[in-house]
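Please read the following walk through one part of this structure with the model open beside you.

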Amino acid sequence: MDSAELYTQGGYLERNKTWHVEDSPWKARQILQILQKNHIQPKSVYEVGCGAGEILNQLHQQLPASVEFHGYDISPQAFQLAKAREKDRLTFHQEDLLEKDVSCDVLMMIDVIEHVEDYYSFLRKLKNKAEYKILHIPLDLSVQGILRMKPILELRKSVGHIHYFVKQTALASLQEAGYEIVDCFYTSGAVDLSSKSLKARMLRLPRRLLFALNQELAVRVLGGYSLLVLAR
């Protein structure tokens, strides 16, 4: 099964029954933070790879009533979940946004490029569809992750990560694809979100303490962080 078939043939939903809806309010807060920090007041927000659509639904509730939202996903299963969230100014499409002649103020790629086989072409094709792009990129490579290896292989099996980044390679990839980095910061999903894994729960306190002392060291050594990027 190739990477696209995982999402179009139902395999992803089989492995991830909620399509990560429970994480969406937290992700929406990170997006709102970077928008507010950079004084961006969009009139239109699109999301590629929107999944069940809950991130857009959360933003719909918190951004002004003048903002239009559109979510795109190639997965029929994700589209069915997202359609239940449709309302005034919030619309979902089971289509490939790369093939659509659309433009918006903000285009979101939240936990997407690590799934895309040719993410350079993907990024280049999307670049001119929006003035601002917001990306959330998991930083799967860390000292403890590489030493243990199991967490990286589990991400490949359970959620389909086929590319693995550190901050520097993530930003370099965006710049090589023609993006201008406006702002970025770490997000601490492994600390802030609930986990069923005992090892992940045990690492919360060390991650929090080391991150308070030295962010770069915590991310590189212990992992569990992602990078939120605002680009043009």
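**A helix and its neighbours**

Just after α9, G178 adopts a positive phi of about 100°. This is a predicted model, in which local features need pLDDT of at least 70 and side-chain atom pairs count only at pLDDT 80 or more, while totals for chains, interfaces and linings use all residues. Residues are numbered from 1 along each chain as its sequence is written, and side-chain values use heavy atoms, with hydrogens and water left out.

Helix α9 spans residues 167-176, and its buried residues (under 20% relative accessible area, 1.4 Å probe, protein chains only) are A170, L171, S173 and L174. They cover an arc of only 155° around the axis, taken from the directions from the helix axis to the C-beta atoms, which places them on the same side of α9. The buried residues of α9 pack against α6 (119-126), β5 (130-138), β6 (181-187) and β7 (226-231).

Turning to the cysteines, a search of the whole structure finds zero disulfides, a disulfide being a pair of cysteine sulfur atoms within 2.5 Å. For C50, the nearest cysteine sulfur is that of C104, 13 Å away. C50 counts as buried, at 8% relative accessibility, and C104 counts as buried at 8% relative accessibility.

Technical notes: Buried < 20%, exposed > 50% of the residue type's maximum accessible area, 1.4 Å probe, protein only. Helix = DSSP H or I, 4+ residues; strand = E, 2+ residues; numbered from the N terminus. Contact = heavy atoms within 4.5 Å.
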